[in-house]
Amino acid sequence: AGLKRRQTVVVESSRKELLDSRLYRRTVADHEYWENYLTTDRYFKNMLSLPSSRIIRALSGPLASVALTSALVCTYETLRSQGVVPAEFPSILMPNNTPLQLTSFAVSLLLVFRTNQSYDRWWEARKIWGGVLNRVRDIVTQTVVFIPEDEKELRIAMRNWTIAFTRTLEAHLQGKLVSRDLKSNLENVLSPKELDMVMNSQHK
């Protein structure tokens, strides 16, 4: 009974420390969240969020190249058909679409397989990352419970370095998309000396 009472006091006194670690957690999908999510307004919100999508930004170069090439071909063929461009200029359209008809089935199957493989890899990575976050939360919880309250500096150090580990690992896995913001994300977690040690590390 005494041990349980002591653990309860420690957990209650460190509730703020636990709440601080929730800043970078995902939103909990409660009933109110799902009511807002199932509204038809979400389509408009999703369309507005497309410019901030990392997938769109990663594919912006190839998409722009394909769109520009298509626009140039359409413009050239339109001007040629209207006589603006001399008839001596060759047409760049395919005279027969049979090759496309023969290969479209194979291409569609290839795209389906590639999409499934990509999703499987993403889902596997998501499960591993979720496991890492759950283990980190367990470490913080055990730190709060088992380290005595009078050793506050050790508890704070364990909490801060655990948070720094997750943010540093995220930056390491996602590369330039997140690593440029790593220092600003760790400024409110580590001391200036600790932050310099992390940023100057060759492998982080």
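**Close-up views of a predicted model**

**View 1. Helix α7 spans residues 152-174.** Its 23 residues reach 33 Å from first C-alpha to last, close to the 33 Å expected at 1.5 Å a residue. That expected span is 1.5 Å times one less than the number of residues. Helices are DSSP runs (H or I, at least four residues), numbered from the N terminus. The buried residues of α7 include Arg-155, Arg-159, Ile-163 and Arg-167. Buried means under 20% relative accessible area, exposed over 50%, and partly exposed in between (1.4 Å probe, protein chains only). An α-helix has 3.6 residues a turn, so residues three or four places apart point the same way.

This is a predicted model: local features need pLDDT of at least 70, side-chain atom pairs count only at pLDDT 80 or more, and totals for chains, interfaces and linings use all residues. Residues are numbered from 1 along each chain as its sequence is written, and side-chain values use heavy atoms, leaving out hydrogens and water.

**View 2. Leu-38 lies in the loop between α3 (31-37) and α4 (41-48).** Leu-38 is exposed, with a relative accessible area of 57%.

**View 3. Ring pairs link Tyr-119, Trp-122 and Trp-123 into a cluster.** Rings of Phe, Tyr and Trp (its six-membered ring) pair if their centres lie within 6.5 Å; planes under 30 degrees apart count as stacked, over 60 as edge-to-face and the rest as tilted. The whole structure holds two aromatic pairs. Trp-122 and Trp-123 form a tilted one, 6.0 Å centre to centre with 35° between the planes. Trp-122 is partly exposed at 48% relative accessible area. Trp-123 is partly exposed too, at 41%.

Key. Helix = DSSP H or I, 4+ residues; strand = E, 2+ residues; numbered from the N terminus.
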